[in-house]
Amino acid sequence: MSTVRLTTAQALVRFLAAQYTERDGERHRLIAATWGIFGHGNVAGIGQALVEDRDLMPFHQGRNEQATVHAAVGYARQSNRLSAHAVTTSIGPGATNLVTGAALATIDHLPVLLLPGDTFATRPADPVLQQLQLPYAGDVSVNDCLRPVSVYFDRVGRPEALVPAALEAVRVLADPAATGAVTLALPQDVQAEAYDWPEEFFAERTWRVRRPRPDAAELDAAVRAVRAAERPLVVAGGGVRYSGAEDALRALAERTGLPVATTQAGKGVLPYDHPCDVGGVGHTGTETADALARTADLVIGVGTRYTDFTTASGTLFPEDARFLNLNVTGFDAHKQAALPLVADAREALTALTAALDGHRARDPEEWAAAKRDWQRRVDAAYAAPDEDARPTQAQVLGALDTLVDARDILINAAGSLPGDLHKLWRPRSADQYHVEYGYSCMGYEIPAAIGVLLAAPGRPVWALVGDGTYLMNPTEIVTAVQERLPLRLVVLQNHGYASIGGLSEAVGAERYGTDYRYRDADGGFTGPPLPVDLGANAASLGMRVLRPRTVRDLREALAEARAATVPTCVYVETETPDTVSGPPPAPAWWDVPVAETATRKAAVEAREEYDRHVTARRRHL
């Protein structure tokens, strides 16, 4: 057997550079690049290997380890999980900073390979810098924090152990039913240790991304359920997009008349103006979709996890509703005591459409008037009667709505924007709407936009963030500048946590600690907003900053940003919405427990309201 002598880190880089995925005859590089922040624990191992083979593995320099994972996730989502990035960190805090990003990737079923440095396998000194010591376990390091948020975890304690570990890691990354964050913890001495590797380890490998077809018996049961239903409703999730099943879903809807509601991850899988599209569903959904959900006798979930926002915390669907779930994972297919159809979304939808040939489930005219009424409400929220006034958040979205086309991609994750976007935004393409709401992680938007720009060069990419989210994680602006990526950043300054402030008021916490104001002697928050200038901060990090003050200015600034070839920020102070221009209120409930006993009137009243809602919760068994 021919061998080649390399360090463990060098071998890993060369191995990763030779891995590919293939689906429907299209081949993609599995690990297209590596993100990293170097320190002791990876600079002399992975760092040296990346320099040595820089022609094989592109490298992106990050500023915050959590943000590098978000960038990798943004890339993977835009690549429909067929291509991913790796992330390398030093030991200690560099490694633990990965945990939040890893949780997001695993929750959202998006592939990312994490390569944190680890303390010495040979233990030449005990402890070494940044080593966690526990009196009950000598083999635990801080990297073990990544175990519960990884779909696969291994610690490579010897060079030869890399072979099975690396093969298993990429197998999981390429498996649509198992993918998420994959962690290979790499002790720093093992990274630098040389070994005689079999040349076969570095041969190109192509991992076929399966499209499992539905079981005949499950398909037959699904067909009978749809034919028997009088008021069926499709709930489409992110699995439709990752499968590339948009055309298959459209065919099913058009041939049967099935209404299609969408989760945050699924929004856009049908054009907003398609007769069968009824908009977002759940707590942040449209009244059109939620009205259909409240009367549905069969809910057909396609690629969805049924989060509490989708089900309105178990209060949205009727008690006697049955569920039919098309999902590539058996775990999600069986939720809500459903009839499972475990298969790739495209294959399952295609088979279901063929088996339902001639069956007409519903007539889109049933909800056409409700859709038109909802669009009038969207128009009202977007409207700006006074072009010289300060815009509301909804009017910012309205100004953007008039500007974009199918090429633009919008990215958001947290605050009040996800709710407004789910209800109001009109997606022009299947991948325009990129709202991360599985983990709803503040600070996701800017690094994720960088990942999307790398996956979709030449397309206008917008990161929409509130002031709270911006303050969480603005550091990757420097990366966008360094990489010469035309990131378009819209920062909405409302001087506080608007979403949580509203929630705080609703649950009787009286908006305490949600505004950016001075602290008074009694522990309250009073006075004018803090003199914080986030636009100046963005400029100090290298962005070009535009400062519109009115709706008229905003339209001009957004158009200028869209045409920009350098990272550009539109920094706008927003007005509190009134009853005319504000978005419609939430059409369904969301469960946030309220204090069962309290002395303050706001909390007592909030508990009474909570008790009224919670009685409507149903468990579908």
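This is a predicted model: local features need pLDDT of at least 70, side-chain atom pairs count only at pLDDT 80 or more; totals for chains, interfaces and linings use all residues.
Residues are numbered from 1 along each chain as its sequence is written, and side-chain values use heavy atoms, with hydrogens and water left out.

Points are joined across faces, edges and corners, and a volume is the space filled by probe spheres set on them. By this rule there are five cavities of 30 Å³ or more.

The largest cavity has a volume of about 650 Å³, and of the 47 residues that line it, G238, G239, Y242, A265 and G303 are the closest to its centre. Helices (H or I, at least four residues) and strands (E, at least two) are DSSP runs, numbered from the N terminus. Both α9 (238-243) and α12 (308-311) supply at least two residues of the lining of the largest cavity, and α9 gives the most, with four residues. Sorted by class, this lining of the largest cavity has 19 nonpolar, 18 polar and ten charged residues, where Ala, Val, Leu, Ile, Met, Phe, Trp, Tyr, Cys and Pro count as nonpolar, Asp, Glu, Lys and Arg as charged, and the others, Gly among them, as polar.

The second largest cavity holds about 180 Å³ of space, and of its 18 lining residues the closest to the centre are K267, Y272, D277, G279 and Q375. At least two residues of the lining of the second largest cavity come from each of β14 (277-280), α15 (365-382) and α17 (417-424), and by class the lining has seven nonpolar, six polar and five charged residues.

Among the open spaces, the second largest pocket has a volume of about 230 Å³. It is lined by 16 residues, of which T119, F120, R123, G138 and D139 lie nearest its centre, and the classes in the lining of the second largest pocket are six nonpolar, five polar and five charged.

The text now turns to the salt bridges, in each of which a side-chain nitrogen of Lys or Arg lies within 4 Å of a carboxyl oxygen of Asp or Glu. By this rule the count comes to 41 salt bridges. One of them joins the side chains of R147 and D144, at 2.6 Å from N to O. Here R147 is partly exposed, with a relative accessible area of 41%, and D144 is buried, at 17%; buried means under 20% relative accessible area, exposed over 50%, and partly exposed in between, with a 1.4 Å probe and protein chains only.

Another salt bridge links D373 with R376, whose closest N and O atoms are 3.8 Å apart. Because D373 and R376 are three residues apart in helix α15, they are separated by about one helical turn. D373 counts as partly exposed at 37% relative accessibility, while R376 is exposed at 52%.

The side chains of D533 and R547 also meet in a salt bridge, at 2.9 Å from N to O. D533 lies in the loop between β23 (525-529) and α22 (534-540) and R547 in the loop between β24 (544-546) and α23 (551-562), so the pair ties together parts that are 14 residues apart in sequence. D533 is partly exposed, with a relative accessible area of 35%, and R547 counts as partly exposed at 40%. Elsewhere, salt bridges that share partners join D24, R211, R213, D344, R346 and E347 into one network.

On the surface, F38, V43 and F59 form a nonpolar patch with about 240 Å² of accessible area together. Patches are made of residues with over 30% relative accessible area and no salt bridge, like charges being joined within 9 Å and nonpolar side chains (Val, Leu, Ile, Met, Phe, Trp, Tyr) within 5 Å, and accessible areas come from the Shrake-Rupley method with a 1.4 Å probe, where for residues only the protein chains shown count as cover.

Conventions:
On a 1 Å grid over the protein atoms alone, a cavity is a set of points where a 1.4 Å probe fits but cannot get out, and a pocket is an open set with protein on both sides within 12 Å along at least five of seven lines; lining residues have an atom within 4 Å of a point.
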